[in-house]
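Hi everyone, thanks for coming. Have a look at the model on the screen, and I'll walk you through it.

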Amino acid sequence: MHPRDHTIFALSSGRPPSAIAVVRVSGSAASSALTQLAGQMPVPRMATRALLRDRNGLGIDDAIVLWFPEPASATGEDVAEFHIHGGRAVLASLVASLSVIENVRPAEPGEFTRRAFENGKLDLTEAEGLDDLIHADTDRQRRQALRQLKGLLGDRVRDWRAEIIEASALIEAGIDFSDEGDVPAELIAPALAKIETLLGEIRKVLAAQGKAERLRDGLVVAIAGPPNVGKSTLMNQLARREVAIVSPHAGTTRDIIEVQLDLDGYPVTVIDTAGIRETDDPVEQEGVRRARARAGEADLVLWLADVDDAPTGHDGDAPVWLVRNKIDLRRTMPTVSTQSQVRAFNISAAKGDGVSELMSALVGFAADYFGSGEGALITRERQRRLLGDTVGALERSLAMIGQGEELAAEDLRSAAYSLGRLLGRVDVEDILDVIFREFCIGK
């Protein structure tokens, strides 16, 4: 039997122990598994209490079972769900009982979602949206992923593909009736209008500067500067917990420390780096090298100094903010020059003075960096690349009209093919394993 014909099962809820654990079964043997364990077939889509028993008749758990006959299920196959008490022993007993049923095996990562895709329950953009929803860390990421899961991009792509196919049909009809006087011109004119409209719409989507893609990956902020200026103290203030060691001795931080923050729904990774200075210590030298490299890759650098120095030792194109620390130890407050091109802040990382203003500025920077993102369609590089291929094919088709309608029709077929690949409906076996193996087991 082919692995795709097997019935699969997995824990689809959190790790035990928990109050309730949900074990999902999908495939042609799901009804047999449900009957053997629960002793009955419940009414479809109605929660039913049942005493689960193993093959020897011994009780497993007093549980709730659900039955979803195909095709009206999440995967498009017969699906059974066991809602059991979430103890490890209960779960282990149920898994052992399922494992001995013929043609029933544990699911691979993402296998439930892949079966839903293969059975037409999801297109590939919606499956990617589901993966993003599972891994969303902030509310804005969640909203964006949910829009993709609900077909924000997929529905548009299906409409575009239908328009391209219609335009291609008009051109091919013109070719078939080329000896009928003015018939080809009457057919090609509306096809030309459709192609130009589609090309404008897709170009506009591609010109959105990848804001949704950036929201998915998050913003990286590096805290850099010389040793012993309070970088780790500021890191702890931003994280609101002790994530970095604070010491009065220079060179305490020797490796990269990262913490994930949710700033008003924006995902931000803050990095605490080693103090940048000349040193003979080989371990500290490596820490300085990594600090310079990581700061150079960041989207924003917070350069800490306890004197009125300008940022130094930084390579990269990211904007740099000068953060003057330890203002509580100064008799006079340093002034912030309005002429300088470097944005500056005065804080006391130890006491928290000025940190809220810095946080507010970071939220504002994130808002500008990500944009609203509410109407963004593209969330992955794969989607952007295939839409780019579609634009190229449409441009070639327009160039060919009047020179060779057969070639124009072929380019339209290429455009429709690219959109089909985006939805996962044609020739995508080479990327399916890459996408679905990122899912957790049970999804």
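Let me begin with one term: a residue is called buried when its relative accessible area is under 20%. Please also keep in mind that this is a predicted model.

With that cut-off in hand, let's turn to helix H3. Which residues of H3 are buried? They are Glu111, Phe112, Thr113, Arg114, Arg115, Ala116 and Phe117. That makes 7 of the 8 residues in the helix, which spans residues 111-118, so H3 is largely enclosed by the rest of the structure. After H3 comes glycine 120, with a positive phi near 80 degrees.

Now let me step back to the whole chain. It has 443 residues, and 48% of them count as buried. Its secondary structure comes to 14 helices and 12 strands. If we take contacts with a separation of 6 or more, 61% are between residues 24 or more positions apart. The chain exposes about 21,400 Å², with carbon and sulfur atoms supplying 51% of that area.

What does H3 lie across? The answer is S1, S2 and S6, and the helix runs at about 135 degrees to S1. Those strands belong to an open sheet of 6 strands with mixed pairing, in the order S3-S4-S5-S2-S1-S6. Strand S3 (48-53) and strand S6 (104-106) are at the edges with a single partner strand each, so one side of each has no neighbour in the sheet. On average, neighbouring strands here are turned by 30 degrees against each other, ignoring direction.

Let's follow the pairing inside this sheet. A hairpin of 6 residues links S1 to S2. The two strands, residues 7-11 and residues 18-26, run antiparallel and are joined by 4 bridges. Alanine 10 has arginine 24 in S2 as its bridge partner, and leucine 11 stands opposite valine 23. S2 also pairs with S5, again in the antiparallel sense, over 8 bridges. There, alanine 21 stands opposite isoleucine 84.

Helix H2 (residues 88-99) lies across S1, S2, S3, S4, S5 and S6, and runs at about 150 degrees to S5.

As general background, nonpolar side chains in soluble globular proteins tend to be buried together. In our model, the largest nonpolar core has 32 residues, and Leu234, Leu238, Leu302 and Trp321 have the most contacts inside it. Among the elements that give two or more residues to this core are helix H9 (231-239), strand S10 (300-305) and helix H11 (355-370). H11 gives the most, with 9 residues. What does leucine 234 touch, leaving aside residues up to four places away in sequence? Its contacts are Ile223, Leu302, Leu304, Ile347, Ala349 and Leu358.

Apart from that core lies another, of 30 residues, among them Ile195, Ala393, Ala415 and Leu422.

My last stop is threonine 390, in helix H12 (residues 381-400). Is threonine 390 buried or exposed? Its relative accessibility is 0%, so threonine 390 counts as buried. Leaving aside residues up to four places away in sequence, threonine 390 touches Ile164, Ile202, Ala415, Ser418 and Leu419. Ala415 is also one of the residues of the 30-residue core.

That's my tour, and I'm happy to take questions.

Definitions and conventions:
Residues numbered from 1 in each chain as written. Predicted model: local features only at pLDDT ≥ 70, side-chain atom pairs only at ≥ 80, totals over all residues. Heavy atoms only, no water. Buried < 20%, exposed > 50% of the residue type's maximum accessible area, 1.4 Å probe, protein only. Contact = heavy atoms within 4.5 Å. Areas by Shrake-Rupley, 256 points an atom, 1.4 Å probe, with all protein chains shown as cover. Core = buried A, V, L, I, M, F, W, Y, C linked by side-chain atoms within 4.5 Å. Pairing = 2+ DSSP bridges. Axes fitted to C-alpha atoms, helices over the stretch in contact; angles between N-to-C directions.
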